[in-house]
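Trainee: I keep meeting labels in structure descriptions. Could we go through some of them and see what each one rests on?

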Amino acid sequence: MLKIESIQNGVVIDHITNGQGMNIYQLLHLEDQKQSVALLQSVRSQKYGHKDLIKIEGETLPERLDILGYLDDKITLIVIRDGEVVKKYHPVPPEYLKNVIQCKNPRCITSIEIGCDHIFKMSPSGIYRCIYCNQKISVH
Amino acid sequence: MRHLIDPLDFTPEETNNILDFADRIVTNRSAYAHIADGKKLATLFYEPSTRTRLSFESAMLSLGGQTLGFADAEQSSATKGETVVDTVRVISCYADIIAMRHPKEGAPLRASMYSTVPVINAGDGGHIHPSQTLIDLLTIRQRKGRLDHLTVGFCGDLKFGRTVHSLVNSLVRYPGNQFYFISPEELRVPDYLIDDTLKPSGISYAEVTSLEKTLPKLDVLYMTRVQKERFFNEEDYIRLKGTYILTKKMLQAASPDMPVLHPLPRVDEITPDVDTDSRAAYFQQVQNGVYIRMALIASLLGLEDPLTGKKVLPC
């Protein structure tokens, strides 16, 4: 079995649905992070059989972690300080997402307007929709 | 400052007040002939339109105001790459109110975020068309005497038919209404309308494919055109455009007081012989368009109704 060291300071994104780890890695732009990041795929899980997992080393947590609560309700965030778990929680999705995800509707004003923020709002049915065109969020 | 971007920007009470205002204009046009003297309406039409632009201009002129603007994106600075935001910031310096049509969904909303004068959405792509909704509501109310407890059939392009989306959003706010959505599979109502409007409201609705079988059940029929400009693939348009054609003969199966509405322009979805049937309400909609837009412009400009001495919309 592959062994990855524990982190002393940082966050673990745990219980990612098996196969979705890379999508979340890209969504959070972890390729731009200067901290150490480990993406583990198909890790054995007592609870779910298999899962993906991301470990991010560093004092500063990545932005936009709260969106993960919308993308995958199984996800658990584990915040670690000095080698100890200080917080463990399911992220709650925010009402608005600003410039987290691009609207992919070619008919939307965001597709041509320079400098236009991509803003999604949680709809009454619990789905993020573009405030301009009502397009449903798409992260894949 | 108020804008009209979505029909739901107005509460049901405000919507009823606008309809009442329009009814007062119908019977007292001369009383309103100068209430907008000295005011200017800018019509920013990035997409060709005959009736909507002229209707807005006619409405402003009927109130004593003046108009300026462009009728095509080719005549605007959009061809030079100017953003909607910059355009509306500039036009805000020239006019007191703006009516904007744009092929991209959400453009009028974007404009309203930066405009210093009221913005009216005069249609944004296949998305929404709130002033047409007010016209439709006024016409239905004039024909049926109410906006509640109606069975309304929507037929044709329900996917890109922005007038349908806007009218459905408004009619769910009145009690007891139910809908039949009559369309080919490819042009069904968009999922956001189902997920965010129809299901949460608990309203009764059905998606069907036969106009003939549905006609006898309806209090109101709303026909739409399959819009060539909304298709990326012309083959799809050609395949779907003649799916529903309403004829006078078919109307024999309908209720004798079932108005037939259509936002116009039509292509072949209503045959000309229907025009002489008393149920044809689409030219009444056109006339109502001027009255509604007069009421809307006056209300958003914060003008007092000379007959009541009151403003229709709270600022």
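Mentor: Start with R51(B), which is found in helix α2 (residues 51-62) of chain B.

Trainee: Why does R51(B) count as partly exposed?

Mentor: Buried means under 20% relative accessible area, exposed over 50%, and partly exposed in between (1.4 Å probe, protein chains only). R51(B) has 33% relative accessibility, so it counts as partly exposed. This is a predicted model, in which local features need pLDDT of at least 70 and side-chain atom pairs count only at pLDDT 80 or more, while totals for chains, interfaces and linings use all residues. Residues are numbered from 1 along each chain as its sequence is written, chains are lettered from A and ligands numbered from 1 in the order in which they are written, and side-chain values use heavy atoms, with hydrogens and water left out.

Trainee: What makes R51(B) part of a "binding site"?

Mentor: A record does: an unreviewed UniProt entry lists R51(B) under that name, with L264(B) and P265(B) among the others. Such annotations may be inferred rather than shown by experiment.

Trainee: Which residues is R51(B) in contact with?

Mentor: Contact means heavy atoms within 4.5 Å. Leaving aside neighbours within four places in sequence, R51(B) is in contact with P263(B), L264(B) and P265(B).

Trainee: Where is P265(B), and what joins it to L264(B)?

Mentor: P265(B) lies in the loop between β9 (260-261) and α10 (282-300) of chain B. A cis peptide bond joins L264(B) and P265(B), with omega at about 0°. Most peptide bonds are trans.

Trainee: Why is H15(A) called buried, whereas S42(A) is called partly exposed?

Mentor: H15(A) has a relative accessible area of 13%, so it is buried. S42(A) has 43%, and is therefore partly exposed. H15(A) belongs to strand β1 (residues 10-17) of chain A, and S42(A) to strand β2 (residues 37-45) of chain A. Strands here are DSSP runs (E, at least two residues), and helices are runs of H or I with at least four, numbered from the N terminus.

Trainee: How many residues does each chain bring to the contact?

Mentor: Chain A brings 22 residues and chain B brings 21 residues.
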